[in-house]
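Here are a few notes to read with the model open beside you. Take them in order, and keep the viewer handy.

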Amino acid sequence: MISFLFKFTLAFTVSFIILSFKVDHKPLFLHISEFTGPIGTEVQHSFGKSMKRSLKKTREIGKGFFKNADPKVFNDHINSQQSSLNSKRDKELILEDIRQDEARKLDELINKNN
């Protein structure tokens with residue numbers, strides 16, 4: 001990483017010095033920019049448009065993520081009168097099973113003590 005940074009700094013410095021040489025009382029950079037014409041301006045304009053488009057799409061995608069992150073609430077419940085939780089017969093069966101279980105345990109306890 002350090003060698004890359006050193007190489008980049010060295011290349012930039014050498015390029016800057018070479019482009020600063022004067023030819024016909026003007027720096028070499030001005031001669032090159034006259035030769036290339038408006039390419040630099042067009043590239044800059046095109047790059048700016050591309051960045052604006054990318055930023056706009058990124059914002060739209062980000063808004064979509066936050067919009068889709070909202071939880072959806074469902075009211076799901078049983079409105080039936082025939083639900084097993086509301087049935088008296090089921091409650092009686094549960095009580096009956098408990099009573100039978102208790103009776104069986106009591107019977108076992110009595111048989112052990114005899």
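How much accessible surface does the chain have, and what percentage of it belongs to carbon and sulfur atoms?

1. Surface first. This is a predicted model, and its chain has an accessible surface of about 11800 Å². Carbon and sulfur atoms account for 63% of that area.

2. Now the layout. You'll find four helices and two strands in the chain. Going along the sequence, they come in the order α-β-β-α-α-α.

3. A word on confidence. The mean pLDDT over the chain is 80, and 73% of the residues reach at least 70. Helix H1 (residues 2-20) has the highest confidence, with a mean of 94. Helix H4 (residues 88-113) has the lowest, with a mean of 72.

4. Have a look at the aromatics in H1. There are two aromatic pairs by the ring-centre rule. In one, Phe8 and Phe12 are stacked, with 6.5 Å from centre to centre and 20° between the planes. About one helical turn separates Phe8 from Phe12, because they are four residues apart in helix H1. The pair Phe12 and Phe16 counts as stacked too, because the ring centres are 6.4 Å apart and the planes are at 20°, under the 30 degrees that stacking requires. Phe12 and Phe16 also sit four residues apart in helix H1, about one turn of the helix.

5. The cut-off for exposed is over 50%.

6. Last, the loop between the strands. Which residues there have a positive phi without being glycine? One is Asp24, with a phi of about 55°, and it lies in the loop between strand E1 (22-23) and strand E2 (26-27). Another is His25, whose phi is near 65°; His25 is in the loop between E1 and E2. I'd flag these because most residues other than glycine have a negative phi. As for accessibility, Asp24 is exposed at 63%, and His25 is exposed at 79%.

Note on methods:
Residues numbered from 1 in each chain as written. Predicted model: local features only at pLDDT ≥ 70, side-chain atom pairs only at ≥ 80, totals over all residues. Heavy atoms only, no water. Areas by Shrake-Rupley, 256 points an atom, 1.4 Å probe, with all protein chains shown as cover. Buried < 20%, exposed > 50% of the residue type's maximum accessible area, 1.4 Å probe, protein only. pLDDT = per-residue confidence, 0-100. Phe/Tyr/Trp six-rings, centres within 6.5 Å; stacked < 30°, edge-to-face > 60°.
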